[in-house]
Amino acid sequence: MEVVKFQQAQLINFDLDMYYEKTDTPALCRTSSLVEELGQIEYIFSDKTGTLTCNEMEFKMCSIGGIAYAEVVDESKQEESHGGSWQTFKELQQTLSPEGMVSREEAVQREVLREFLSLLAVCHTVIPEVQEDGRVVYQASSPDEAALVAGAETLGYRFHTRKPKSVFVEIDGSTKEFEILNVCEFNSTRKRMSTVVRSPDGKIKLYCKGADTVIFERLSPNQPYTDATLVHLEDYATEGLRTLCIASREISEAEYKEWSAIYDKAAQTINGRGEALDQAAELIEKNMFLLGATAIEDKLQDGVPDAIHTLQMAGIKVWVLTGDRQETAINIGMSCRLISESMNLVIVNEESAQATEELLTKRLAAIKSQRNTGEQEDIALIIDGKSLTFALEKSISKTFLEIAILCKAVICCRVSPLQKALVVKLVKKNSEAITLAIGDGANDVSMIQAAHVGIGISGVEGLQAARSADVAISQFRYLKKLLLVHGAWSYQRLSKLILYSFYKNIVLYMTQFWYSFSNNFSGQIANESWTLSFYNVLFTVLPPLVIGIFDQFVSARMLDRYPQLYMLGQRNTFFTKTAFWMWIINALYHSIILYGFSIILFWGDLKQSDGLDSGHWFWGTTLYLVVLLTVLGKAALVSDLWTKYTVAAIPGSFIFTMIFLPLYCWIAPMVRISPEYEGLVPRLWGNSVFYLTLLLLPCIALIRDFFWKYWRRTYRPLSYHIAQELQKYNIPDYRPRQEQFQKAIKKVRAVQRMRRNRGFAFSQTEDMSGRQDQAKLIRAYDTSQSHQKPSGL
């Protein structure tokens, strides 16, 4: 079985349909012990960024000083644009231009624009890499970081050099130096990043970017741009963009000197250093001025909508666990066909545990009441991180799980890496379903390791997830073939291999058991001992291997066309207790038939032409070969796909036996290994009764199996039996095109299901191995020394 599992893993590795040519990345199955579980998955827990999306960020829009800016202003926003709330990037650059006299309002807006763009160009941990052609490539810990710096460059603030204690930004054709005093790094608890800098004019400033929920809590009173920025944030999130808020404040020399001493002390702490640095950052990150917000587009990967829709048709429930704001997650869910406009959305956004419990209990009762009336409306559950914290408490978790299981899709927004793992463990612990988690970053590792099967995507965020997972793939769409084809095949093959292995051994050794009644339990064996050993080692070793490696109950094309066939694995159709005992009873039946008829045919022993009896080993060897031919015939009956390997394994095994065994019976007695076979070859292989028995008894034993197979497929067919006939006769599929039908429905029923609630998207990945490493890293670079790649220390 381990050999078969290893080969199944190799088939996954060598599948060209799961090879991503762009990055030269094949699929990689790191463990062969879980291949059959790939065919029984009921829940998929997926990250969004980098898993469903490309994780290739592009700076699309920004809100600065209450005015929204974009590369191109959409027609629906043109009216607003004339009013001044929407402008193009070209107009932004014109506002920055120092030419001509401007009003006081324009001067204030220009100052806010400059501060905003300076923050984008300075507040980061990006390393600039100058190419031979003079082009600057930004190496960042997160694609978001690089996109923000590239956005600042597009708008005229070009970051080009980093030194250990400063960064250089080209503004209006001249280079300005910003001294980096301190860096308060991003992590999933803080949800923000801050940099304390000394600007070219000598002033000390705090630049901060992060989630709107944490930035708004730290603003000074009477902010002029809060309302307009919130409206823009909602618009960005509705379009599925990742958002961040931008804020700053000026710090006096005295205040900085006092805070710097606290920060340095925290940085020198050995135990609890990360927490001490977070507490120090809290002291300075307050009374900030809101400059605006950014919007970054992260496009869906190719084939994601089709993959998710197909997986749902296969009976798999997909849960998306993301750190993005709620509107962003919902829109991504819509675009990737995880949720549809016809679904009823259950949105949980509560501020307390009691309110969360009341809402979940109320909605659960309503759903059960609806289901009792016979209505089967598709439901999607949307829950934010705060409510999820309450829902995972012991008193509420069962209610949350019950309502989540009733939903076709679940989206958990604004969740931390720990919450992702807790959600997976909740489902794993309280249900018998096999779970799968898929992610691409270090923050997904805990979730991947918590599930039964972990899938890592080799993406932009590195290989942490891929190295921690059981299987590594490069695109989410490959998950469809991995589960529906390789998973379904592996489960069915291993089920058949286990059942057949029990069967073939029971048939042989039960004949020895029946023989013990004839020899008065004397211990006499029916077959020669070495020949018994050859049964599993040589003569029947290939059929289970070939069935386990190459058998296909239906083709990959049919599994893709009819994903519902995957439910056979979820229901464990091929390896039930009933199926096991049917194989056992069938093996007992065959052993009785073969032993009984052989006794009848050889009753009183056969008389040979020389007048001597044929002897015990004549009968025993005949029975042995009859059993062998019967189990090989059974293998032929249960094989769904015949290839050259199947021919070599089943007919080939018997041909090999008929050549090898006479040679062994002739040579072995000469070297005193099997004296029982002395003189047997001419007597046995020259006897017509032997060949008659060899043809007759397997047919008698297998005729019941043949008619059972015919009756089952004709009168009690399973879904895969019908699919096999569709495949054999190439019957076309006349089902209506569901995609066209759904598009028509969308045109008629354009239902707005968005709720305006604030959220966030993470600005960069968190270093799971240690904290504050990025600050040390950027201090080690001086890219002004050469135009080659940074060499580090």
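Tutor: Let's go from the overall picture to the sheet, and then to some single residues.

Tutor: This is a predicted model, so local features are described only at pLDDT of at least 70 and side-chain atom pairs only at pLDDT 80 or more, while totals for chains, interfaces and linings use all residues. Residues are numbered from 1 along each chain as its sequence is written, and side-chain values use heavy atoms, with hydrogens and water left out.

Student: What is the mean pLDDT of the protein?

Tutor: First the idea: pLDDT is the predictor's confidence in each residue, from 0 to 100. Here the mean is 85, and 90% of the residues reach 70 or more. A contact means heavy atoms within 4.5 Å.

Student: How many helices and strands are there?

Tutor: Both are DSSP runs numbered from the N terminus: helices are H or I with at least four residues, strands are E with at least two. This protein has 31 helices and 21 strands. Of its 793 residues, 54% count as buried, where buried means under 20% relative accessible area, exposed over 50%, and partly exposed in between (1.4 Å probe, protein chains only).

Student: In what order do the nine strands of the open sheet run?

Tutor: Strands of a sheet pair through backbone hydrogen bonds, either parallel or antiparallel. For the count, two strands pair if DSSP finds at least two bridges between them. The order here is β1-β21-β20-β19-β2-β15-β18-β17-β16, with mixed pairing. At the edges stand β1 (28-29) and β16 (344-348), each with a single partner strand, so one side of each has no neighbour in the sheet.

Student: What packs on that sheet and touches β16?

Tutor: That's helix α11 (residues 326-335), which also touches β17 (379-383) and β18 (409-412). Its direction makes about 150 degrees with that of β18. For such angles, axes are lines fitted to C-alpha atoms, for helices over the stretch in contact, and values run from 0 to 180 degrees between N-to-C directions.

Student: In which sense do β2 and β15 pair?

Tutor: Parallel: β2 (residues 41-46) and β15 (residues 317-321) are joined by four bridges. Then β17 and β18 pair in the parallel sense over four bridges, with I383 partnering C412.

Student: Why is β15 called largely enclosed?

Tutor: Four of its five residues are buried, so the rest of the structure largely encloses β15. For its neighbour, keep one idea in mind. In a regular strand the side chains alternate between the two faces of the sheet. Both faces of β18 are covered: A409 and I411 on one side, and V410 and C412 on the other, are all buried.

Student: Which residues have the most contacts inside the largest nonpolar core?

Tutor: A nonpolar core is a set of buried Ala, Val, Leu, Ile, Met, Phe, Trp, Tyr and Cys residues joined through side-chain atoms within 4.5 Å. The largest one has 68 residues, and I339, L436, F476, L479 and L483 have the most contacts inside it. Its largest share, 12 residues, comes from helix α18 (residues 478-518). Another core, of 49 residues, lies apart from it and includes L117 and V122. As for L483, its contacts beyond four places in sequence include I41, I44, L436 and Y566.

Student: Is Q301 buried or exposed?

Tutor: Q301 is buried, with a relative accessible area of 4%. You'll find Q301 in the loop between β14 (289-300) and α10 (304-313).
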